[in-house]
Amino acid sequence: MWQVTPELVTTPDATLLRRAYYAEVAGRYWKRSVTEAEIDEGLVDFPDDGLLPPTGRFVVGRLGGAPMACGGMRLLDPVTAELTKVYVDPRARGTGGGAVLLEALEEAARSLGAERVRLDTRSDLVEARALYARHGYLEIPAYNSGPYAEHWFEKPLV
């Protein structure tokens, strides 16, 4: 059974999951394994400092007590939150973790006062795009110019 709890991005479990997230998305983008040094550099280049209260949240999902998923939410403006760093360990995919994670992150966005959630993702992250579509996220025009953004989604929370 999945349990999702708020956690600081700096805890050991959160750090482990953020590293795994970066290794997967960078590895898929570069079509090769990613080194520990590249992960270190990526975490510096794309910091998660916006995922802290009072304007953000980070959550860790545990399956059977083991850390297997994470995600973050940060406010872009007073009514718009952005979903980021959503990751489910490949060993736990297909067990409902993505849905539980999204539910917790959407609740975090509501607690921050958000009325809608946005996100961007890449074309090669087909599992993520399918997850978002299954949970009511619709493709929208670009709302940012992120270097890796190829698809943009939004979901109303009200």
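Colleague: Hi! How many of the eight residues of strand E2 (residues 56-63) are buried?

Modeller: Six of the eight are buried, so strand E2 is largely enclosed by the rest of the structure. Buried here means under 20% relative accessible area, exposed means over 50%, and partly exposed lies in between (1.4 Å probe, protein chains only). Strands (E, at least two residues) and helices (H or I, at least four) are DSSP runs, numbered from the N terminus.

Colleague: Good. What sort of model is this?

Modeller: It is a predicted model, where local features need pLDDT of at least 70 and side-chain atom pairs count only at pLDDT 80 or more, while totals for chains, interfaces and linings use all residues. Residues are numbered from 1 along each chain as its sequence is written, and side-chain values use heavy atoms, leaving out hydrogens and water.

Colleague: Thanks! In what sense do strand E1 and E2 pair, and over how many bridges?

Modeller: Strand E1 (residues 2-6) and E2 pair in the antiparallel sense, over five bridges. Two strands pair if DSSP finds at least two bridges between them. Pro6 has Val59 in E2 as its bridge partner, and Val4 has Gly61 of E2.

Colleague: And how many bridges join E2 to strand E3?

Modeller: Eight, and E2 and strand E3 (residues 66-77) run antiparallel. Across that pairing, Phe58 stands opposite Gly72 in E3.

Colleague: What is the phi of Gly64 like in the hairpin of E2 and E3?

Modeller: Gly64 takes a positive phi near 60 degrees, in a hairpin with two residues between the strands.

Colleague: Which residues other than glycine have a positive phi?

Modeller: Lys31 is one of them, with phi near 60 degrees, and for Lys85 phi is near 60 degrees too. Lys31 sits in the loop between H1 and H2 and counts as exposed at 73% relative accessibility. Lys85 belongs to strand E4 (residues 80-88) and is buried, with a relative accessible area of 13%.

Colleague: Back to the sheet, then. What is the order of the seven strands?

Modeller: The order is E1-E2-E3-E4-E5-E7-E6, in an open sheet with mixed pairing. E1 and strand E6 (138-140) stand at the edges with a single partner strand each, so one side of each is left without a neighbour in the sheet.

Colleague: Where is the cis peptide bond?

Modeller: It joins Pro53 and Pro54, with omega about 10 degrees. Pro54 is in the loop between helix H2 (36-45) and E2.

Colleague: Now the rings: how many aromatic pairs does the structure hold?

Modeller: Four aromatic pairs. Rings of Phe, Tyr and Trp (its six-membered ring) pair if their centres lie within 6.5 Å; planes under 30 degrees apart count as stacked, over 60 as edge-to-face and the rest as tilted. Tyr132 and Phe153 have ring centres 6.0 Å apart and planes at 55 degrees, so this pair is tilted.

Colleague: Which parts of the chain does that pair link?

Modeller: Distant ones: Tyr132 is in helix H4 (residues 126-134) and Phe153 in strand E7 (residues 151-156), 21 residues apart. Tyr132 is buried, with a relative accessible area of 6%, and Phe153 is buried too, with 3%.

Colleague: Which residues do ring pairs link into a cluster?

Modeller: Tyr29, Phe46 and Tyr148. Tyr29 lies in helix H1 (residues 12-30) and is partly exposed, with a relative accessible area of 39%.
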